[in-house]
Amino acid sequence: MPLPKRLIEPVHVARNTIPDDFPLPSELEAATNGTLANAVRQLSSLSKHAEDLFGELARDAHVLASRANSLQARIDRLAVKVTQLDSNVEEVSLQDIHMRKAFKSSVVFDQQVVSRDTMPTAMLETYKQCDKPPPLDKLNPYREDGKDGLKFYTDPDYFFDLWRQEMLKDTERMMHDKGKRPHRPRNEGGGGRHKKRVRQPHNTRERQRQLAVGHGEYIMPQATHYRTPQTQNYHQLL
């Protein structure tokens, strides 16, 4: 059930202005005076809520101004640092860039936003006027399950406990799925290690021969011996 944050009272200014057990010479005059008095009370309640409303706006504006000033100071420091950087004067190697830690902003999350301490003044006054829950906690000594009887009527930690249970279930499911992952088969005889490939020795002569052939040169085969014309004639005579 929603609660009104600010309620102007009295709502009905002309009701119950004439007392029943008190004789009056003129009921019309009594009704008029009572209506005017209730109108003054209504204006007083309105001024009270207006003062509280403008005070709340002033506090929010102060918080916003503080955050804006902090952000402007950070921007000014960054602008000065950027103008001082000069790539021609200060040389930074690629290794130094990788060694530096990456920038990580510090995010501050607001906690206990809807707690009793952060409740507005007007809402707190309305909350105090509400009826208290029944004293069901006095029946706890007679319960056999050990639970708090008041939590069956109202439980402020219900949504937190529900969120915590969902987070625990997600964690257990992730751990269970991680345990079901198939293991990689190991190589037989290798003990799970990679086989080392033996590096072939370089043949400089073969590499030079391939380069020469690539340039269009002719290389005589090694099995054929070169003979001069005189040697060829001598072998023919024999």
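**Figure 1. The largest pocket of this predicted model lies between domain 1 and domain 2.** Domain 1 (1-85 + 115-130) and domain 2 (133-179) both give residues to the lining of the largest pocket, which is why the pocket is placed between them. The structure shown here, as in the views that follow, is a predicted model.

**Figure 2. The lining of the largest pocket includes nonpolar, polar and charged residues.** The space in the largest pocket comes to about 320 Å³, and the residues that line this pocket are Arg-116, Tyr-127, Lys-128, Cys-130, Asp-131, Lys-132, Pro-133, Tyr-153, Thr-154 and Pro-156. When these lining residues are sorted by class, 5 are nonpolar, 4 are charged and 1 is polar.

**Figure 3. The second largest pocket is lined by residues that include Arg-67 and Asp-110.** For the second largest pocket the computed volume is about 270 Å³, and its lining is made up of Arg-67, Ser-70, Leu-71, Arg-74, Ser-106, Val-108 and Asp-110.

**Figure 4. Asn-38 is a buried residue in helix α1.** Helix α1 covers residues 27-84, and Asn-38 has its place in this helix. Asn-38 counts as buried because its relative accessibility is 11%, and buried means under 20%. Leaving aside residues up to four places away in sequence, Asn-38 touches Pro-10, His-12, Val-13, Arg-15 and Thr-17.

Key:
Residues are numbered from 1 along each chain as its sequence is written. This is a predicted model: local features need pLDDT of at least 70, side-chain atom pairs count only at pLDDT 80 or more; totals for chains, interfaces and linings use all residues. Side-chain values use heavy atoms; hydrogens and water are left out. On a 1 Å grid over the protein atoms alone, a cavity is a set of points where a 1.4 Å probe fits but cannot get out, and a pocket is an open set with protein on both sides within 12 Å along at least five of seven lines; lining residues have an atom within 4 Å of a point. Grid points are joined across faces, edges and corners, and a volume is the space filled by probe spheres set on the points. Ala, Val, Leu, Ile, Met, Phe, Trp, Tyr, Cys and Pro count as nonpolar, Asp, Glu, Lys and Arg as charged, and the others, Gly among them, as polar. Domain bounds come from an automatic or database domain assignment. Helices (H or I, at least four residues) and strands (E, at least two) are DSSP runs, numbered from the N terminus. Buried means under 20% relative accessible area, exposed over 50%, partly exposed in between (1.4 Å probe, protein chains only). Contact means heavy atoms within 4.5 Å.
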